[in-house]
Amino acid sequence: MSSSLRGATSIIGIGEAGIGRAAPGMTPLDLMGQAAAAASLDAGISLSEVDGLFSATSHYAMSSMEAAEYLGIRPRYSDSSNLGGASFVSHLLHAAMAIEAGLCTTALIIYGSTQLSDGGKLVTASAPNNYEVAYKPRYPVSMYAMAAARHMHEFGTQREQLAAVAVAARQWAILTPDAFRHDPLSVQDVLASRMISDPLTIADCCLVTDGAAAVLLTSTARARDMRQPLVPVLGVGEAHWHRNISQAPSLTTTAAVDSGFRAMQMAGISVGQVDVVELYDAFTINTILFLEDLGFCRKGEGGAFVENGRIAPGGQLPVNTNGGGLSYCHPGMYGLFLIIEAARQLRRQAGNRQQQSPNIALVHANGAVLSAQATAVLGTAATL
Amino acid sequence: MTLESEIKSPSEIYLSGISAGHVTYQHCDRCAHSIFYPRTICPNCGATELSWLVSAGRGVVYASTVIRKRDAPYSVALIDLDEGFRMMARLAPVTQMLIGARVRAEVDKASMQVTFVEDVVEA
């Protein structure tokens, strides 16, 4: 089944700001302003060309309105839909549809957070589920910890295999100048780290940082004349089966099986054609679950798959080439940063961590507690 | 045993059951699905004809974790009740409960929490 959306739009600008710890008093919108300026410079277009605005944040309920006001934009297409960390990959789909339908010409997808500077706790705007909050689980780590525990029970996955995910992420971060963590990390270091919610230690958990990101998207026809190498959006899919972990039909298979299938079907590719993977590693178990659910290995074999450097620099499958949420940055909702790193790789602008001639990048984002899943396939001019 | 109540909201009915020492859940009168958490519509078939039932409080540990707070650790788990629904609850004792273990509910009316303990099956 072909889709008129395949390759119809392309990423023309990317920008990041405030990664790590922002200056005192900076608001998420201040960082978003800086990220938008960086994306505008990267694309070589003025923000006055933006007529479609897509945003989700934890700090602002009406994110697209706040961002539009701050940036001086009056959009004719506005989207504040929120799927947690998966929002921004979902926004790629919405923006592609809006551009293809002629409802806007230039889309800005934008995010920002100052959660580290605000006190270091994960900020979430979500009303609690009283049937879970009553038991005081640590949100969200305890939910992912239960998924890890179930995976270990069903498939014999070991803590050493979870640790291998963290070690690989750190090795990629060491190659990435802007990454938050550059100190070496071994499997033994991870195993000896402070336990937060069994079986996850602090080293199995994503960072808590500030940060903002912005991505500009337009029709591929327009993008061909712009300054950056073409990064077409070939396919996007989304899915969710639950919001709260106690309602998840399974703690070992996620809706990524649906979102990945939909994205790859739209793109007309199979998983074997993927050159580089950027997936939402909020916790080490995520990488194992998503590599299984996206089809890189069979269900239950993710633990063995991530061992022995397979997903680390020099391994057979490059995963999270900037260090991911575990070692690059994690300002609350990481999804937009996945798109940016994939674009860098496809443009051949990834410095020391550049993979040789990648043409297909798979971007997979997760929202809330293994709840929302959104997958995108990005390509190059050669894939059109 | 069915509970009858004049209280209207699903959460109030559930909490009144907890106050009486019971774990309650809903049964869909149309498709026989067991429903938890309580709500106004069956998530399986969309029916609104729902009845309230009292669970026997017996089930199996589906997943668990130990939260390592500074003062005292505690276990949070997802329990699959024999009646066909899943709920989050506490586990006691803290470190010994394994996934797959048979457990039974103890309701603490003061804290309004349900804790599951090992269900020793008599021979």
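Helices (H or I, at least four residues) and strands (E, at least two) are DSSP runs, numbered from the N terminus, and two strands pair if DSSP finds at least two bridges between them.

Housekeeping: this is a predicted model, where local features need pLDDT of at least 70, side-chain atom pairs count only at pLDDT 80 or more, and totals for chains, interfaces and linings use all residues. Residues are numbered from 1 along each chain as written, chains are lettered from A and ligands numbered from 1 in written order, and side-chain values use heavy atoms, leaving out hydrogens and water.

Four residues sit between the strands, and B:M112 takes a positive phi near 60°. Strand β6 (residues 85–91) of chain B joins β8(B) too, through two bridges, running parallel; there, B:L91 partners B:F116. Five of the six residues of β8(B) (residues 113–118) are buried, so the strand is largely enclosed by the rest of the structure. Buried here is under 20% relative accessible area, exposed over 50%, partly exposed in between (1.4 Å probe, protein chains only).

Now chain A. Helix α1 (residues 28–43) has 16 residues and reaches 22 Å from first C-alpha to last, close to the 22 Å expected at 1.5 Å a residue; that expected span is 1.5 Å times one less than the number of residues. Its buried residues include A:L29, A:M32 and A:A36. And just after α1(A), A:G44 takes a positive phi of about 80°.
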